Every structure is written in structure tokens, then in C-alpha cells.
Amino acid sequence: MAVILTFFFTHWFLSLFFHSFFLHRYASHQMYNVTPGWERVFYFSTWFVQGSSFLVPRAYAVMHRMHHTYSDTEMDPHSPHFFKDVYHMMMHTAAIYRRFLTGQDLPDPQFTREYLPIWKSLDRFGSNNIVRVTFMIAYTAIYFYFAPSYWWFLLLPIHFLMGPIQGAIVNWFGHKLGYSNYNNGDHSRNTTPWGVLLMGELFQNNHHHAKSNPNFARKWYEFDTTYLVMKGMHFFGIIKLKPLEVQHSHEAHGTERVVQHERRKQMLQQ
Ligand SMILES: [Zn+2]
Ligand SMILES: [Zn+2]
């Protein structure tokens, strides 16, 4: 049982960390600079820990940039306020993701203007169904050898769909439940203390207020564990967090966006 629990939580937190640290805070928002070599290390690690549910970083980043611009309007790729349950929201998100990757839908140029990390051969390999199924077989083999009973196999679907499940939790609860520190003109919320299980990602209200600030925590009782790791990496010279002036100019930009959101909402209501 100890092996299974260790495997489950290691997979959960490693997958979440690279989701938050690489897909969200780097690919989508460029909160720090890295050398091309380290970028490859993080890209590879993201593929390896997400395994069967690997998400192509540039597709993730474009959709996430749309999420910020259209937060909680009908053009948001995954606002919980337009779906009856989390399953329908996930299916809608997956459809946009596929249309983008197959070239059926090209994103608005404003979402591809900023830098996007691209490693096409790894994207193709990681998205190959044989590779995805090989990861699933590996997860199942660990349960087969170490699970004390077959009941534990019920956890396997979480391993298979780890990346999208964590994204769905953040997008659903982060825009539905919790408290607000700021009026962002959307439904973004903060959750604590159990939000610590999502490594800072559930401070959506703080994050939407200043999308370039690498620290999602604002109050003394809020802990952004991904940011703590990033501070350590900055200290050791692995990444270089962008200077505060840049973040402040984005915070000012945040207020502008609230006005834009209000206008967009009024347009949608008419
Ligand atoms: Zn959000
Ligand atoms: Zn974001």
C-alpha cells in the first residue's frame, strides 16, 4: 500500500508542478527566463510526468491566454458558468485543443504574438496513442504488482488523465468557489487551505488580478508552493524571475482589463 500511495502522490505533485511551473507560468505567461537547454529539460520533464495525458505546451498556452482575455465570458475556453457539469466543460476544452492542434482553427494572432516554446518532435511522440497507452500499461503494472486489492485500481483513471483532471479542478473550482481579494470583473476565486493540494493554482482571483506576478499568494495565510520552488530555482540560477517593474506594469494593465471585461459582458447581454 505504501508503494501505491507514494506512486499516486509523486505522480500527482510532479505532474501538477510541471503543469503550473512550465505550462502555466512559463509557456503561457513567461514569468521567468531560462536558457534554451533548461527549457528543453523542463519540456521533456513535463512530457514524462504527464505521460499518458501529455498536453502540448503551445496549445495549452494559447488556450490559457484566451482564458485570461475572455475570462468567464462565452469566449472563455473553460468557464464553469457556461456548462452544467465539469465533464461537459472538459469535453468543450478538449475539442478546442484538438481543433487548434490539427489546424482546423487558427487562434487569433494576439494569442500567438508572445513567445511560445515549441518542440515538434516531442509533441508528436508524446501525443502518439501508442506512447500514451504504453504509459497507461506502466501505471497499471505498478498497481498490479503493489496494490493490496483490486479496489485500488479505481485510482488508475486519475493517473491516465492526470493533466486534464488537474486543469479541470482549477478551472471549475477556481472560478466558482472561494473568496475574492480583488474585483477582476469575472468569477475568479481563491481557495485555501486545501488549495495547497493544487500548489498555488487555486488562487485564481489573485492570479487574474496580476497575471505576470509569479507569486499567486497575497495574504499571510495564502501559500503558493510552486512559487516557493521557483524562488529556490532562481536563487540557484536555474531560472531568472522577471523583475518587479514588469509585473507592476501588468498589474496596472489588470485594471484596464476589468473595464474591458465589463464592456464585453454588456455586449454579450445585449
Ligand atoms: Zn482562471
Ligand atoms: Zn494564467
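Helices α1 and α8 sit roughly perpendicular to each other. That follows from how they cross: the axes of α1 (residues 2-28) and α8 (residues 162-173) come within 10 Å, at roughly 70 degrees, and an angle of 65 to 115 degrees counts as roughly perpendicular. Keep in mind, while you look around, that this is a predicted model.

Let's stay with that pair for a moment. The crossing of α1 and α8 is right-handed. On the α1 side, the residues in contact are His11, Ser15, Leu16 and His19, and they meet Met162, Gly163 and Gln166 in α8. Sorted by class, this contact has two nonpolar residues, five polar ones and no charged ones.

Helix α1 has another partner, α2 (residues 36-50). Here the crossing is left-handed. From α1 come Leu14, Ser15, Phe18, Phe22 and Leu23, while α2 brings Phe42, Ser45, Thr46, Val49 and Gln50. The residues in this contact divide into six nonpolar, four polar and no charged. Ser15 of α1 turns up here facing α2, and it is also on the list for α8.

Here are the two pairs side by side:

| Helix pair | Axis separation | Crossing angle |
|---|---|---|
| α1 and α8 | within 10 Å | roughly 70 degrees |
| α1 and α2 | 9 Å | about 145 degrees |

Now zoom out to the whole chain. How many helices and strands are there? The chain has 11 helices and two strands. Walking from the N terminus, you pass the elements in the order α-β-α-α-α-α-α-α-α-α-α-β-α. The radius of gyration is 19 Å, close to the 18 Å that the globule rule gives for 270 residues, so the chain is as compact as a globular protein of that length. Along the principal axes, the C-alpha atoms fill a box of roughly 55 × 45 × 40 Å.

What about the inside? Of the 270 residues, 35% are buried. If you take contacts between residues at least 6 apart in sequence, 66% of them join residues at least 24 apart.

One last stop is Phe235, which belongs to helix α10 (residues 225-235). Is Phe235 buried or exposed? It counts as exposed, because it has 10 C-beta neighbours inside 10 Å, and the cut-off for exposed is 12 or fewer. Phe223 lies 12 residues from Phe235 along the chain, and the C-alpha atoms of the two are separated by 19 Å.

Definitions and conventions
Residues are numbered from 1 along each chain as its sequence is written. Chains are lettered from A and ligands numbered from 1 in the order in which they are written. This is a predicted model: local features need pLDDT of at least 70, side-chain atom pairs count only at pLDDT 80 or more; totals for chains, interfaces and linings use all residues. Axes are lines fitted to C-alpha atoms, for helices over the stretch in contact, and angles run from 0 to 180 degrees between N-to-C directions. Helices (H or I, at least four residues) and strands (E, at least two) are DSSP runs, numbered from the N terminus. Angles under 35 degrees count as roughly parallel, over 145 as roughly antiparallel, 65 to 115 as roughly perpendicular and the rest as oblique. A crossing is left-handed if the near helix is turned anticlockwise from the far one by less than a right angle, and right-handed if clockwise. Two residues are in contact if their C-beta atoms, placed from the backbone, lie within 7 Å. Ala, Val, Leu, Ile, Met, Phe, Trp, Tyr, Cys and Pro count as nonpolar, Asp, Glu, Lys and Arg as charged, and the others, Gly among them, as polar. The radius of gyration is taken over C-alpha atoms; the globule rule is 2.2 Å times the number of residues to the power 0.38. A residue is buried if 20 or more other C-beta atoms lie within 10 Å of its own, exposed if 12 or fewer, and partly exposed in between; C-beta atoms are placed from the backbone.
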